[in-house]
Amino acid sequence: MDINSRPLGRRDFLRGSLAAAALAATGSSLAACATSGTGTGAQSSAPAGQVSDTNPFGVQSGSTVDAVIFKGGYGIDYAEFAGKQVEAKQSGVTVKVTPTTKVAQTLQPRFVAGNPPDVIDNSGAGLIGINTIRDQLAELNDVIEAKNYEGTVIKDTLYPGVTEPGTFDGKFIVLNYALTVYALWYSASLFEQNGWNVPKTYDEMLALGKEAKGKGKYLLGWGKEAATYYQTMAIGSAIKEGGDEVRLALENLKPGCWSLPPVQDVFNGLKKIIDAGYMKPGGSGTVFTAAQAQWSDAEDFILYPSGGWIENEMKDQTKSGFKMTGAPEPTVSSNSKLPWEALHSTAGEGYIVPSQGKNVGGGKEFLRAMLSKDAAVNFAKTKLSSTIVKGTVPADGFGSTALQSQIKMLEAAGSNIFSWQFVDLYGMNTDQLVVWNSFLSGDADVAKLTKGLQDITDKVAKDDSIKKVQVS
Amino acid sequence: MTTLTSGGLTSGVSAPPGGLRRFGSARWRKRNLTFDKITFFLVFLVIPVAFYIAFVVSPFVQAAYFSLTDWTGFTPAMNFIGLSNYAKLFSDSTFLQAVGNNILMAIVIPIVTLGLAMFFATRVTVGGSTGGNVKGLRSSSFYRVISFFPYVIPAIVIGLIWSQIYDPNSGLLNGILTRIGLEQFTSFPWLGDVRTARWAVMFVIIWGLVGFYMVLFIAAIKGVPAEVFEAARIDGAGRFRTSVSITIPLIRENVQTAFIYIGILALDAFVYMAALEPGGGPDNTTLVMAQQLFTTAFTKGQFGYACAMGVVLAIITLAYAGLVFAVNRIFGGKSEVGE
């Protein structure tokens with residue numbers, strides 16, 4: 001008997017199994033797209049409890065609040081703390097806090113099946129693009145109009161403008177909890193030691209770069225995943241220089257928005273610094289936390305544009321005696337439309353309440369607890385970062401110079417606080433990183449940077465399948 | 001192989017007394033649907049096929065359908081939009097660049113990896129001293145273990161290790177290069193420079209896989225009778241000639257399998273890229289399709305469009321497998337040397 005005369009020869013079998021293997025391997029990426037079944041999402045009207053001043057959302061006794069919290073730099077203990085507050089105030093209510101690090105991946109099937117959690121901290125790199133789910137979110141106006149656990153209307157306890165980043169087409173649907181101040185960070189002790197002043201314009205930055213070079217230090221530096229921190233600074237500077245006109249052009253993805261004179265002036269100012277060699281080289285190949293440690297620990301460079309989370313993020317890699325302090329982003333000229341003190345501040349950690357959740361009232365009650373004094377103070381104290389609730393940080397900033405300076409900057413800015421959303425709203429950051437990395441490493445000039453950013457913007461603007469948010 | 005037929009083990013259709021039953025024998029055909037047979041079918045055919053359909057085929061079909069819709073991924077609702085996702089795909093310069101990167105990787109990585117693996121495999125099996133028995137280099141088992149090490153480490157860890165090695169300012173590579181006096185590599189961003197990024201990541205993937213394919217080839221070469229190599233050597237064939245004319249033709253099937261597997265890996269490469277170049281690299285020179293698919297689905301909330309990318313990736317992978325089979329055929333894969 002010859003093996004090959006069998007109906008299924010060995011070689012054929014091998015061939016078949018190879019093809020199957022090829023298929024199976026391909027499948028992994030294909031099948032990733034498939035759902036686990038599409039539920040129709042029975043609209044579950046929450047069993048309403050008695051609505052009262054102490055229970056403004058009518059949370060029923062005995063119900064459970066399902067909270068899914070992003071576990072990132074802030075951890076989840078502050079949310080568990082708030083959950084305990086809810087349980088103490090509303091007898092019989094249980095709060096289940098579940099951590100996740102990849103919000104979109106974890107919750108996507110639950111949204112499709114129509115049983116999302118009652119409250120979600122939609123944050124981190126894997127957040128759900130708000131644009132894709134905003135029709136499915138409950139409006140949160142009643143949360144901030146309710147009274148907190150101390151009896152004050154919540155709206156009156158918040159910093160100005162904090163609901164704006166969560167408002168889309170007039171609907172307030174995202175409650176951003178952690179107040180984030182964007183600034184140019186430096187070590188006050190190092191500056192004092194060398195007699196340096198904080199630069200208020202790009203020309204002053206260039207001059208400071210020369211002095212720093214004299215001490216063997218670079219002016220600025222960056223990491224590959226965080227190259228767009230410079231975009232954040234540049235947009236901030238451009239808005240200060242050109243006012244709302246610039247902000248609205250960018251927010252509404254206008255053709256040529258990156259070519260507006262204030263934007264170009266900022267880009268040129270940065271380019272001068274890069275060309276002068278004041279930017280620590282190699283950033284496009286450096287992991288961002290390593291790059292940040294070159295600033296906070298090795299002090300290879302002296303200024304770093306970032307958000308207020310930087311202190312918490314670099315806690316373990318900060319040189320002792322490094323008085324981390326923030327300064328507003330520089331302007332182009334001294335007669336800018338907004339003063340130098342104007343501040344790019346927005347709130348992060350976007351809490352959402354899906355309208356299809358089983359216990360919508362419970363989700364809102366959870367937010368009410370978070371916005372009450374105990375939970376807000378607890379957050380500020382343990383995370384060294386302010387919430388959107390005013391007056392929770394004492395003058396000594398719990399011993400943190402960064403937190404002190406954040407509060408000072410907010411006070412100095414007064415009502416000159418601005419922010420924008422188009423980058424995150426349309427998920428542009430990944431594409432923009434590429435362009436910024438080549439600009440910061442000196443490979444691309446201002447024209448190439450402008451064209452790259454404009455192409456990304458135009459691509460979104462022209463894509464009819466992407467819903468746009470009109471900003472005015 | 002003929003010894004089997006001459007033996008009394010399976011002598012024709014007439015069933016051997018109390019011997020083995022053979023499929024196709026008259027006795028077997030008469031016995032319809034016994035309990036044994038039904039349970040056999042159930043366990044070995046119906047259940048696996050059902051699983052296969054439920055967990056492999058149906059997701060494929062579903063994904064292919066979703067690629068024709070505008071599904072965002074977070075609602076049960078979706079609209080059928082025909083082929084417009086595909087139309088968009090072929091004018092999406094970023095995606096096309098990712099396709100190009102993947103194709104380059106699917107060409108370079110298999111050839112270099114398998115070339116090196118073959119070289120090492122022949123060295124440690126038949127490439128030893130030219131006198132005496134055919135054998136590998138001295139202490140070949142040591143080399144075998146060493147070269148298998150990288151494969152033991154998970155891909156994600158390999159990626160993270162190498163991203164540290166490539167670090168411009170504190171990485172091992174630049175440390176060595178500047179120490180030996182190559183000052184131009186001070187702060188050189190291997191993963192951040194358009195000229196080097198794609199080669200740097202390909203090097204890491206090759207580094208991680210050579211050991212595995214080497215062991216695969218060693219096993220195949222060990223299956224070839226030593227007399228064949230001895231005969232070749234008596235005929236005066238050198239090491240190179242032996243590899244090209246004897247080894248490779250004799251283990252052709254293994255090489256083909258290896259090509260398919262590593263090609264699929266190169267067309268995916270998601271894990272390595274997630275660790276080394278999560279952002280797609282300088283000017284997107286290391287962006288791969290799987291990365292773009294992932295961002296489109298989860299960051300941009302365009303699952304329908306992402307599914308279209310998945311379908312294209314699947315088609316390219318199948319085309320690659322087909323190409324490997326075709327090339328093997330053209331270069332004489334039909335001659336049954338491997339049997």
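Me: How many bridges join β6(A) to strand β7 (residues 304-307) of chain A?

Reply: Strands (E, at least two residues) and helices (H or I, at least four) are DSSP runs, numbered from the N terminus, and two strands pair if DSSP finds at least two bridges between them. Here four bridges join β6(A) to β7(A), and the two run antiparallel. Trp185(A) stands opposite Tyr304(A) in β7(A). This is a predicted model, in which local features need pLDDT of at least 70 and side-chain atom pairs count only at pLDDT 80 or more, while totals for chains, interfaces and linings use all residues. Residues are numbered from 1 along each chain as its sequence is written, and chains are lettered from A and ligands numbered from 1 in the order in which they are written.

Me: Which other strands of chain A pair with β6(A), and in which sense?

Reply: Strand β8 (residues 324-327) of chain A is joined to β6(A) by four bridges and runs antiparallel to it; Leu184(A) stands opposite Ala327(A) there. Strand β9 (residues 343-352) of chain A is also antiparallel to β6(A), over seven bridges, with Thr180(A) opposite Thr346(A).

Me: Is strand β6 (residues 175-187) of chain A largely enclosed or open?

Reply: Count neighbours: a residue is buried if 20 or more other C-beta atoms lie within 10 Å of its own, exposed if 12 or fewer, and partly exposed in between, with C-beta atoms placed from the backbone. In β6(A), 13 of the 13 residues are buried, so the strand is largely enclosed by the rest of the structure.

Me: Which way do the residues of strand β3 (residues 119-122) of chain A point?

Reply: In a regular strand the side chains alternate between the two faces of the sheet. In β3(A), Val119(A) and Asp121(A) point one way, Ile120(A) and Asn122(A) the other, and all are buried. β3(A) pairs with β9(A) in the antiparallel sense over three bridges, and Asn122(A) stands opposite Gly350(A). With β1(A) the pairing of β3(A) is parallel, over two bridges, and Val68(A) has Ile120(A) as its bridge partner.

Me: Is Thr64(A) buried or partly exposed?

Reply: Thr64(A) lies in strand β1 (residues 64-70) of chain A. It has 13 C-beta neighbours inside 10 Å, so it counts as partly exposed. Two residues are in contact if their C-beta atoms, placed from the backbone, lie within 7 Å. Not counting residues up to four places away in sequence, Thr64(A) touches Thr94(A), Lys96(A) and Asn359(A).

Me: What are the domains of chain A, and how do they meet?

Reply: Domain bounds come from an automatic or database domain assignment. For chain A the assignment gives domain 1 (64-180 + 346-407) and domain 2 (181-345 + 420-462). Their C-alpha centres lie 29 Å apart, and the contact takes 16 residues from domain 1 and 18 residues from domain 2. On the side of domain 1 that touches domain 2, the elements giving two or more residues are α4 (130-133), β6 and α15 (401-413) of chain A. α15(A) gives the most to that side, with four residues.

Me: Which residues of the largest nonpolar core touch the most other members?

Reply: A nonpolar core is a set of buried Ala, Val, Leu, Ile, Met, Phe, Trp, Tyr and Cys residues joined through C-beta atoms within 7 Å. In soluble globular proteins, nonpolar side chains tend to be buried together. The largest core has 210 residues, of which Leu219(A), Phe366(A), Phe217(B) and Ile262(B) touch the most other members. Helix α9 (residues 197-222) of chain B supplies the largest share, 15 residues. Domain 1 and domain 2 of chain A both give residues to this core, so it lies between them. Leaving aside neighbours within four places in sequence, the contacts of Phe366(A) include Val65(A), Ala82(A) and Val119(A).

Me: Where do the buried residues of helix α7 (residues 155-165) of chain B fall?

Reply: The buried residues of α7(B) are Ala155(B), Ile158(B), Gly159(B), Trp162(B) and Ser163(B). Seen down the helix axis, they fall within an arc of 130°, so they line one face of α7(B); the arc is that of the directions from the helix axis to the C-beta atoms. These residues pack against α6 (140-152), α9 and α13 (270-276) of chain B.
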